Amino acid sequence: MAETQILTPVDDGSANRLPAPVLGGRLAPLTGFMRQPAVQRALPAIAMTSAIGIAALAYFTMQTAPQAQLFAGLDDSDKAAVADALQTQGIAHSIDPTTGALTVDASKLHAARIALAGQGLPKAAPSGDSLIAALPMGSSRAIEGEALRSAREADLSRTIETIDAVKSARVHVAAAEPSLFVREDKPATASVMLTLQNGRSLSDGQVQAIRFLVASSIPGMNADQVSVIDQRGALLSDTASGSDMKAFQLQLQVEDRFRRALDTLLGPMLGAGNYTVEVHADVDMSESQATRESFPENDRALTSEQITRSTSGTSNAPAVGIPGALSNQPPQATTIAATGPQPVPAGAPPAPGTESNENAARAYEVGREISVTHSPQGKLRRVSVAVALNQGKKALTQADLTKIDALVKGAIGYDATRGDLVAINQRPFAKVEDSAPAFYDQGWFMPLVQQVGAILAALLAFLFIGRPMIRAAKERAAKRAEQNQALEASLLAATDRPALANGQGGREITLEMIEQAPSYETRANLVRAFVRQDSARAALVVRHLMQEGARA
């Protein structure tokens, strides 16, 4: 029977000596922990987990948490108080260097607001209800009126601050005391001070809305009596209601309408970027009204006529009657003498020696004509249009330019009597360089660089740290497995021999052999063989271990 070869570690003569404790070996527990077979087998997983953790740490370190504005429109004093309260609560915050806004992490926004509300921060302006509720009992009429006015101003300010572009607002109302004398009654006036957000502005419509809001909230006030200014001291209400601004807006609307018409007409023909159009409209904003009353010369009618005649003096009776055959005969002799003046027939000439007076009164109805002429605002006095065409490789002919000129005149309603002007010219357009900022100045570039950098850091950590550790751990595990298999086979063969169990034949079992046993079963067999081999020494080792345990 062939003899089995036993592979044992080299014995340097200290195998039979008791292990002396190493007092200065601070790394001995860690070294012993790393040499355990279970730890050796788990090293690849530990290395992989470490690499993933390093990558995640690098990503979250470079990734900035999203920030949210804590409160809008805070004064500097309120910001200082809020910053101190957040620092006391241990909530990280930052101040935007551009806008000065106080921001915190978006995940801690509601927690920060609740914590500040518990301390009564921020100290906002009191509302109108609180001012009225704080009014003491027994106040005089003057104090009560001032409190009500302050409450109305506070409520109006808070209402105006709800507009997006308004950061803060202050309203001041000037109302005269009511008087019994109506002639001395003066209307109330108001002024509004606005602090706008950075880079924001109000349109004329919004300014008018603020004026109507204030005027509708105060009895007896007109919107024209409300003045609105901003933090730069510009009078916004003047620009919103001035006649010059209205005229300018009307001119812009007319020019924009003509420009859109020309773009719609020339765009499909010439293409975008091959032409430019400029329109100037002269708008007459004057308004006139005239009333004219005339009397036509031939337009009259006789309504009444009254004629009075009188005759004085004596004479023979004139010939009267209707001319005819009988009247041509001589009258018969009469015996009756006339005793008084005889009436004179109408139309008969006065007799000789008599005087006749005639008075006539006539009434006529004369015709009358009244005309009213009204010239409204916004009359177009003149239109000037300039069109510049891009001269490409092939210039347009004069016939083409004439057709384009006719189209432009038709689009704007050209009127030569009005003095309209249309100028069309073609020239090569100069190339304009793009003034857009570089890609590395865009807002999305830096976050993308941070994310890509975090991913590259994770890959580099895995390639240069994780993979070498995994490869080395696998090699050490393979070598250790081979050594353990060979040692286990040799130790099992040695323990199976009766001579080795009785301490006869072969090499004796040492403590290093027991410590290097690959498995619990092999180590138990070696311990049994060691006890059978030298029971006195085994008892000494047990006694020594018990003494160390008692001292510990």
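**A walk through the predicted model**

The side chain of aspartate 230 comes within 2.8 Å of the backbone nitrogen of alanine 234. Aspartate 230 sits in the loop between β6 and α8. Its side chain also makes a polar contact of 3.1 Å with the side chain of arginine 232. Is aspartate 230 buried or exposed? Its relative accessibility is 2%, so aspartate 230 counts as buried. Beyond its neighbours within four places in sequence, aspartate 230 is in contact with Met193, Leu194, Leu196 and Leu236.

The side chain of serine 237 reaches the backbone nitrogen of valine 228 at 3.3 Å. Apart from neighbours within four places in sequence, serine 237 is in contact with Val207, Arg211, Val226, Ser227 and Val228.

The next topic is the nonpolar cores. The largest nonpolar core has 23 residues. Which residues have the most contacts inside it? They are Ile160, Val192, Leu194, Leu202, Val214 and Met221. At least two residues of this core come from each of α6 (141-160), β4 (166-174), β5 (189-196), α7 (204-217) and β6 (226-229). Isoleucine 160 shows how these pieces meet: with residues up to four places away in sequence not counted, isoleucine 160 touches Val166, Ala169, Val171, Val192, Leu194, Ile210, Leu213 and Val214. There is also a second, separate core of 18 residues, and among its members are Phe258, Tyr275, Leu389 and Ile404.

An α-helix has 3.6 residues a turn, so residues three or four places apart point the same way. Just after α10, glycine 413 takes a positive phi of about 70 degrees.

The loop between β12 (379-390) and α10 holds lysine 393. With a relative accessibility of 93%, lysine 393 counts as exposed. The C-alpha atoms of lysine 393 and proline 428 are 9.2 Å apart in space, although these residues are 35 residues apart in sequence.

The buried residues of α3 are Asp78, Lys79, Val82, Ala83, Ala85 and Leu86. Viewed down the axis of α3, these fall within an arc of 165 degrees, so they line one face of the helix. What covers them includes β2 (93-95), β3 (102-105) and α4 (109-118). The face of α3 turned away from its buried side carries the exposed residues Asp76, Ser77, Gln87 and Thr88. Just after α3, glycine 90 takes a positive phi of about 75 degrees.

Another loop residue is aspartate 534, which lies between α14 (520-533) and α15 (535-551). At 30% relative accessibility, aspartate 534 counts as partly exposed. Aspartate 534 and isoleucine 509 are 25 residues apart along the chain, and their C-alpha atoms are separated by 9.5 Å.

The remaining figures concern the protein as a whole. It contains 15 helices and 13 strands. How many of its residues count as buried? Of the 552 residues, 22% do. Among contacts between residues at least 6 apart in sequence, 72% join residues at least 24 apart. The protein exposes about 39100 Å², and carbon and sulfur atoms supply 56% of that area.

Key. Residues numbered from 1 in each chain as written. Predicted model: local features only at pLDDT ≥ 70, side-chain atom pairs only at ≥ 80, totals over all residues. Heavy atoms only, no water. Polar contact = N/O pair within 3.5 Å; in protein donor to acceptor, adjacent residues only side chain to side chain. Contact = heavy atoms within 4.5 Å. Helix = DSSP H or I, 4+ residues; strand = E, 2+ residues; numbered from the N terminus. Core = buried A, V, L, I, M, F, W, Y, C linked by side-chain atoms within 4.5 Å. Buried < 20%, exposed > 50% of the residue type's maximum accessible area, 1.4 Å probe, protein only. Areas by Shrake-Rupley, 256 points an atom, 1.4 Å probe, with all protein chains shown as cover. Arc of directions from axis to C-beta.
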